[in-house]
Amino acid sequence: MHVFARHRRLFSSLAAFVLLVGAGLVVRWSMGYRPLFHGCGKHRGLTIATDVDVSPDFQRRRLVEDWNRTHPKEPAALIEVARSTDTTRSQIAAALDSGSCAYDVLLVDVAWLPEYAKRGFLAEVRDSWMDNPADFVPQTMATGRWDGRQYAVPWFTDAGLLYVRKGEKAPGSWDDLLRRGYAAQLENYEGLTANALEVIWNTQGGAVLSGDVARVDVQTAQQLLSGLDRLAGAGPALSASRAYMEDGSLEAFASGRAPLMRNWPFAFRALTADPRVGSGFDVATLPKPGLTVLGGWDLAVSARSEHRAEAGRLIDFLTSRDSQHRLFVCGGFTPTRTSVFDDATPCKDPKYTAEELPTPERFSQFATTLKAALYQARLRPVTPYYAQFSETFRGCVEQVLNARAGVRGARRPSPGTLANALTAALKGERGSC
């Protein structure tokens, strides 16, 4: 049984849900210590609110178990709120907005941080929460800042990569890649935003709708539409990709239906462990200019937590070099510390066979490629209303794709309509194409 399929079965078998008292959420407990809640969600020990861990053999959970063995007086529990990024954000935000103190440490998608900081959900980072700030990749440190203050410590990051089946020629340009088609993540969720922005940045310019953006003018909207037209006219893999999230595109590539795939770094470990693929693929940065969305997750202390000092020590442990190296080589999580990329020491977990792990040489090549991609990564629009922006942007992208596909009632928006819709969304207002 290959690892990816095995983990899907493990995930589906974890069906025990627990009602989180005080937060009003349905959550999934990880293995190990479970806190005792009372009142508003006050508890003994520490709690970490996260999405569901689907990494090989649940490496994030195992790190927490290591913490519990070495810190018996400060035990921690993962509270896995939801599998999808969007649902995790909305449920955690709802709990914190209600005044819940049930969470101590929050796993925050980098796109959410401005919203959480502006709404007063996060405590500022203290110096003791990072053992060596200079070792963190500068771009990842920037994801934890808002309004000149540091609110989170980068835990693992992400950058888009191109996966190429052996025997398939790697595309030399975006024109070539779009013409040939590739498996992507174009279902209507955050993956669609990331994939569309990468096409736009690499064909229209990396400054378009990136970083600090207050409004979208008509000229910028025209550039956006030009990029989306390129995506809409891509090869035959496009129609299938519109039903894919990360796992769908991974399966299309592993099964041979798609010889090219854009995906996140986790796919390297999953494909290596899949007997249908093994070492029969190469990994490259996206075609030049090679710009990609900077993804990832940071760790922050909830402003509602009554255990801030202990929570800070837990963050220091989880983001340490040794912890990040383990997550990288055994779990496929991209590290935020530069020193980890230079260490090709393979995963020593006895649960893995030699066939499930890359050779040290192959892993070193992958780490070099990944590091290069990371330094070419760009921030999505930085706004406390990112959730509103992304929803509006995806709706406009779908209009362009549907119009090109001849879907009844779909209409390609005009530059003015697109500019107005996105400008409204960046302000937290309703906009529509």
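Modeller: There are 26 salt bridges in the structure, each one a side-chain nitrogen of Lys or Arg within 4 Å of a carboxyl oxygen of Asp or Glu. The model is predicted, so local features need pLDDT of at least 70 and side-chain atom pairs pLDDT 80 or more, while totals for chains, interfaces and linings use all residues. Residues are numbered from 1 along each chain as its sequence is written, and side-chain values use heavy atoms, leaving out hydrogens and water.

Let's begin with Asp109 and Arg380, whose side chains meet in a salt bridge at 3.7 Å, N to O. Asp109 sits in strand E7 (residues 105-109), and Arg380 in the loop between strand E17 (377-378) and H16, 271 residues apart. (Helices, H or I, have at least four residues and strands, E, at least two; both are DSSP runs numbered from the N terminus.) Asp109 has a relative accessible area of 7% and is buried; Arg380, at 8%, is buried as well. Buried means under 20%, exposed over 50%, and partly exposed in between, with a 1.4 Å probe and protein chains only.

Next, look at Lys166 and Asp282, where the closest N and O atoms are 2.8 Å apart. Lys166 is in the loop between strand E11 (161-165) and helix H6 (174-180), and Asp282 in strand E13 (residues 281-284), so this pair ties together parts 116 residues apart in sequence. Lys166 is partly exposed at 48%, and Asp282 is partly exposed at 35%.

Finally, Asp97 forms a salt bridge with Arg119, at 3.5 Å between the closest N and O atoms. Asp97 belongs to helix H3, and Arg119 to the loop between H4 and helix H5 (138-143), 22 residues apart. Arg119 is partly exposed, with 37% relative accessibility. Both residues belong to a network of salt bridges that links Arg89, Asp97, Glu115 and Arg119.
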